[in-house]
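The following note is written for a reader who is new to protein structures. Please keep the sequence and the model in view while working through the numbered points.

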Amino acid sequence: MPSDTITDLDQLITKVRTYNPEADVDLVCRAYAFSAKAHEGQTRRSGEPYLQHPLAVAGVLTSLRSDVPAIVAGLLHDTLEDTLTTPEVLEQEFGKDIARLVDGVTKIGKIQFRNHEEKQAENFRKMVLSMADDIRVILVKLADRLHNMRTLEHLHEAKRLQIAQETLEIYAPLANRLGIGWIKNELEDLCLKYLKPDVYAALKLRVAKRDEDRQQYIEEVVRIVKQALAEADLKGEVQGRPKHLYGIYQKMERQSISFEEVYDLTAIRIITDTKMNCYALLGLIHSLWRPVPGRFKDYIAIPKSNLYQSLHTTVVGPKGEHVEFQIRTEEMHRLAEYGIAAHWKYKERGQVDDKDGKVFSWLRQFVEWHQDLTDNRQFMDSVKLDLFHDVVYVFTPKGMVKEMPLGSTPVDFAYAIHTEVGDRCVGAKVNGKIVPLRHQLTSGDAVEILTSPTQVPHKDWLKFARTPRAKAKIKHWLKVEEQKRSLEIGRRLLEREFRKHDMAPAQMLKSEQLLGVAHELGFETVDEMSVAVGYGRLSTGQVMTRLAPAVPQEGKAEVVEELHPSRPQVGKPDEKGVKVKGGRDLLMQLSRCCNPVPGDRIMGYITRGRGLTIHSVGCPNLEALDYDKERLIEVDWDMATSSTYPVKVSVLAVDKTGVLANVSSAISGAEANISRAEITTREDRKAVLDFVVEVGNTAHLGRVLKAIEGVEGVITARRIRAWQAR
């Protein structure tokens, strides 16, 4: 990791001049003085002067070799939010370019949002759109987040957990997508430190112990490699690779293995002068030790989408131990460490130079795909999906290359070409063979979309569509069609009700009297009110009560009962412990696909004839339904009620006598009841223990999982939803 600890202005200027001797240091000095005056008297939670934070952010930016406007923006990035400074003053003092940069980084503090999630989503939306206009916005934001994570211990626990989770979900993947490896690694390690402190502490101790024990071994491997390089007359700098704790943790989780089973902690990097020598060095390493099958990756011939290039190979080294090698050129190493920040010679307004800009075309596509999403939460979820994906490269019939997220299907490919092609696709040919629409594409596939003028999008497509663009287009089409159907159903229900009371349906639907009722109920038109009736959000009885107060009560009750066969009392939570915002009177049930418990963010979805189904936010089944926003109802847990909820928990442990009894005892010790238990053994001498546990809320579940993880022999313990694979 680059050394970026900056404590005063002189250090900052010295660091800038090491890579940019012609830098306008007078501008940096003016920005420092302005920031010092603006933040005068302010302190951080640690007690240190607030100015140390923008100075530290500028220091991180120097490690990214950022230009002067970016460093100035780092010094000024909190002035708009935390001081009385206005955008007009910034523009007057430092010009439009820097004022726009600072505004792009600034959080939104003056807009009132309904909740934290909405504010977070709108903040991030603004930042994403700004970074497409000027890439330096995200570099400043990443530097800001990195320093905040380094000083996170000064905040209270709830705030620490919230910031760490947001960093793990958004900022670390974003640093990875931009190819800034050292920031991504440090952010992930810091997130692990605060989200799973016990795991972090244990891993840090174990890695340090293994490093101490293996130092002599590493030195022996390095000595052998250097001797072989000299004999072959090949240039190469051999160095140990820093350990990335979160990467080790991920490997243990992904492969369900213990720390002792992580064989390739020993990692050595060789940096040489030419691409040809990279392959020569690979041959040399393979001549010294036998390569491990399936562990060779050529990222030089096929770079990652963030431009990362390197040769990766794992060999069976001395004493039969696995050693991982990374082989790259100096330029590849620079790009691996700094990513898009390596291209610091920006044109006007932070645009990367044209020849380099082509390789970041994903950024433009990234923004284009998300501009149609008006809902902030949907925008945030789709951005997370996009940031985490790896990519495949597929070909159009004309030989053009399309970069698609890993797991993309012909539906995603069709919508990437054009909306109409997506709407009309009936199938696809991949490499000349007809495949179903749910077929997952792989790199190198040649894809031809088959269309039909009678074809329309189907709701089931949402189950396998991968890209935000495809999902948004499908949902838009389904919403329009659903509104048409609901309008028709609503009109039919109202017409039937009019006939029951000897009213002429055609005349009533066009009457001023019915329009007045619509206005009274909060709708602009009769059609809008009819759609609400069709959805099930409004009963015909409610309409008739206002239209004809003298209508017999039994007539109204009959219609209401038809729409809602069984309902709790208005405004009261039902036995599920859930309250409907606005006091709507609906039959309610918890979804079995996600088994939400108090503490989970939840949302309700109205289904005609079946009332309200409560899903966890993030449930794929809810995502497949949210094209129809009219049916989504805000709900919340009723914390006044005390009840227990079933949760599926899966435990992976070493297969040995007594493990089931010990885990069961730990669950009971955490005051949770086991309603079902099942144990299976695997060929690798691991045992999988599946439980259904009754818990009161997510905090209670957290205590249960922590108790299980403390049992000797347990590798992992996690909550399982119906849609998740083990």
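1. Lys184 is buried, with a relative accessible area of 18%; here buried means under 20% relative accessible area, exposed means over 50%, and partly exposed lies in between (1.4 Å probe, protein chains only). Glu188 is likewise buried, at a relative accessible area of 8%. The two side chains meet in a salt bridge with an N to O distance of 3.5 Å, a salt bridge being a side-chain nitrogen of Lys or Arg within 4 Å of a carboxyl oxygen of Asp or Glu. Lys184 and Glu188 are four residues apart in helix H11 (residues 181–195), and are therefore separated by about one helical turn. Helices (H or I, at least four residues) and strands (E, at least two) are DSSP runs, numbered from the N terminus.

2. The model is predicted: local features need pLDDT of at least 70 and side-chain atom pairs count only at pLDDT 80 or more, whereas totals for chains, interfaces and linings use all residues. Residues are numbered from 1 along each chain as its sequence is written, and side-chain values use heavy atoms, with hydrogens and water left out.

3. As for the whole protein, there are 29 helices and 21 strands. Of its 726 residues, 52% are buried. Among contacts (heavy atoms within 4.5 Å) with a separation of 6 or more, 66% are between residues 24 or more positions apart. The protein exposes about 35,100 Å², of which carbon and sulfur atoms supply 50%; accessible areas come from the Shrake-Rupley method with a 1.4 Å probe, and for residues only the protein chains shown count as cover.

4. How many salt bridges does a search of the whole structure find? The search finds 18. One of them joins Asp460 to Lys463, with the closest N and O atoms 3.6 Å apart. Asp460 is partly exposed at 33% relative accessibility, while Lys463 is exposed at 64%.

5. Another salt bridge is formed by Lys656 and Glu712, whose closest N and O atoms are 3.8 Å apart. This pair links distant parts of the chain, 56 residues apart: Lys656 is in the loop between strand S18 (645–654) and helix H28 (659–669), and Glu712 is in the loop between helix H29 (698–709) and strand S21 (714–720). Lys656 is partly exposed, with a relative accessible area of 36%, and Glu712 is exposed at 63%.

6. Salt bridges also link Asp67, Asp97, Arg100 and Arg136 in a network. Helix H4 (residues 68–76) has nine of its nine residues buried, so the helix is largely enclosed by the rest of the structure. Val68, Pro69 and Gly74 are among these buried residues.

7. Strands of a sheet pair through backbone hydrogen bonds, either parallel or antiparallel. Two strands are counted as a pair if DSSP finds at least two bridges between them. Strand S15 (residues 611–616) shows both arrangements: S15 runs parallel to strand S13 (residues 588–590), joined by three bridges, and pairs with strand S14 (residues 602–607) in the antiparallel sense over six bridges. Gln589 has Thr613 of S15 as its bridge partner, and Ile602 has Ser616. S15 is mostly covered, with six of its six residues buried.

8. Four strands form an open sheet in the order S19-S20-S18-S21, with antiparallel pairing. Strand S19 (673–681) and S21 stand at the edges with a single partner strand each, so one side of each has no neighbour in the sheet. From one strand to the next, the twist averages 20 degrees. Within the sheet, S18 and strand S20 (residues 686–695) pair over 10 bridges, and Val647 has Val693 in S20 as its bridge partner. H29 packs on the sheet and touches S18, S20 and S21, its direction making about 160 degrees with that of S21. Axes are lines fitted to C-alpha atoms, for helices over the stretch in contact, and angles run from 0 to 180 degrees between N-to-C directions.

9. The structure contains five aromatic pairs. The ring centres of Tyr299 and Tyr308 are 5.9 Å apart and their planes stand at 70 degrees, so this pair is edge-to-face. Rings of Phe, Tyr and Trp (its six-membered ring) pair if their centres lie within 6.5 Å; planes under 30 degrees apart count as stacked, over 60 as edge-to-face and the rest as tilted. Both Tyr299 and Tyr308 are buried. Trp637 and Tyr645 also form an edge-to-face pair, at 5.6 Å centre to centre and 75 degrees between the planes; Trp637 and Tyr645 are both buried.
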